[in-house]
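Good morning, everyone. Please have a look at the structure on the screen, and then I will walk you through a few spots.

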Amino acid sequence: QLQGARLRDRRDPAVDVRARVQGFVTERPFAEGARVKAGDLLYRIDPAPFRADLAVAEARLEQARARLEQADREAKRLAGMFSQQATSQKELQDAQTALLQARADVRLFDAQVAKARLELSYTEVRSPFDGVAGEAVAAVGALVDGGGNSLLTRVIAADPIEVSLNLSEQEGLLLGKGI
C-alpha cells in the first residue's frame, strides 16, 4: 500500500457509445475486450432507409432548383415587359414573390439534404478514441434508437496514466528490489 500516490488521467477514462438514429443493427465487427482505435467501426445500423431519405431529399432539391430557374426567367421576362408597359405591376410583383419563394425552397431542401446526409453518417458508429471495447449491449438484428434504447457498448481509454509517487529513500529501494 503506497501512501501519497496520485493518479492523473487527462480525460474521462470511458465513454458510452450510443446510437443516434433508429434502425436494426446489421453489423458488429469488434470483439468484446479487444483493443480498438479511434475511428474503428463498432456498429453498423441498417443504412437503407437513410439512403432512401437522402435520395428523396436530393430529388426535391433538384425540383426546387428547377423551379428557381423558371421563376428567375419569368421575373426577368416580366420586368422587361413592365419596362415597356406591356404587363401590370401586379404580375411583376407576383413573379418577384414567386422568385423569393423558389429561393427559400432551395434553401429548405438544401438543409434537408444536409440533414439526411448527417443521419446516414450516424448509421456507422465508430470508436471515439483508442481504447478497449466493452460488452456488446446490442446484438446484430437488435432494434436501436436515439432514445432510451441507444446504448451499444462502452469504450475504455487505453492511454498511459501518469503516476506520481512520494516515497522515502528506503521505500524506493525496497520497491526497486521487488519486495
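Let's begin with one serine. The side chain of Ser 127 reaches the backbone oxygen of Phe 129 at 2.6 Å. Keep in mind that this is a predicted model. Where does Ser 127 sit? It is found in the loop between β6, residues 124-126, and β7, residues 131-133. Is Ser 127 buried or exposed? Its relative accessibility is 5%, so Ser 127 counts as buried, since the cut-off for buried is under 20%. And what does it touch? Leaving out residues up to four places away in sequence, Ser 127 touches Val 36, Lys 37, Ala 38, Gly 39, Asp 40, Leu 42 and Val 155.

Now the sheets. Strands of a sheet pair through backbone hydrogen bonds, either parallel or antiparallel. Take the sheet with the order β2-β9-β7-β4. It is open, has four strands, and its pairing is antiparallel. Which strands are at the edges? They are β2, residues 14-18, and β4, residues 35-36, and each pairs on one side only. Look at β2 and β9. Strand β9 covers residues 151-157, and five bridges join it to β2. Here, Val 17 stands opposite Thr 153 in β9.

There is also an open sheet of four strands in the order β6-β5-β3-β8. Again the pairing is antiparallel. Its edge strands are β6 and β8, the latter at 143-144, and each pairs on one side only. Between β3 and β8 there are two bridges, in the antiparallel sense. Find Phe 24, and you will see its bridge partner in β8, Leu 143.

Next, aromatics. How many aromatic pairs does the structure hold? One. A pair of aromatic rings is described by the distance of the centres and the angle of the planes. For Phe 30 and Tyr 43, the centres are 5.5 Å apart and the planes are at 65°, so this pair is edge-to-face. The two residues are 13 apart in the chain. Phe 30 is in the loop between β3 (23-27) and β4, while Tyr 43 is in strand β5, residues 41-45. The charged end of Arg 28 sits over the ring of Phe 30, 5.0 Å from its centre.

Last topic: salt bridges. The structure holds ten. Here is one of them: Arg 44 and Glu 27 meet at 2.9 Å, N to O. Arg 44 is in strand β5 and Glu 27 is in strand β3, 17 residues apart. Arg 44 is partly exposed, at 23% relative accessible area. Glu 27 is partly exposed as well, at 31%.

Arg 126 and Glu 124 also form a salt bridge, at 2.8 Å, N to O. Shared partners join Glu 27, Arg 44, Glu 124 and Arg 126 into one network of salt bridges.

Finally, a helix. Asp 94 and Lys 90 meet in a salt bridge at 2.7 Å, N to O. Both lie in helix α2, residues 89-121. They are four residues apart, about one turn of the helix. Lys 90 has 54% relative accessibility, so it counts as exposed, the cut-off being over 50%. Asp 94, at 40%, is partly exposed.

That's my tour. Thank you, and over to your questions.

Methods:
Residues are numbered from 1 along each chain as its sequence is written. This is a predicted model: local features need pLDDT of at least 70, side-chain atom pairs count only at pLDDT 80 or more; totals for chains, interfaces and linings use all residues. Side-chain values use heavy atoms; hydrogens and water are left out. Two strands pair if DSSP finds at least two bridges between them. Buried means under 20% relative accessible area, exposed over 50%, partly exposed in between (1.4 Å probe, protein chains only). A polar contact is a pair of N or O atoms within 3.5 Å; within protein, one must be able to donate a hydrogen and the other to accept it, and residues adjacent in sequence count only if both atoms are side-chain atoms. Contact means heavy atoms within 4.5 Å. Rings of Phe, Tyr and Trp (its six-membered ring) pair if their centres lie within 6.5 Å; planes under 30 degrees apart count as stacked, over 60 as edge-to-face and the rest as tilted. A charge sits over a ring if NZ of Lys or CZ of Arg is within 6 Å of the ring centre and within 35 degrees of the ring normal. A salt bridge is a side-chain nitrogen of Lys or Arg within 4 Å of a carboxyl oxygen of Asp or Glu.
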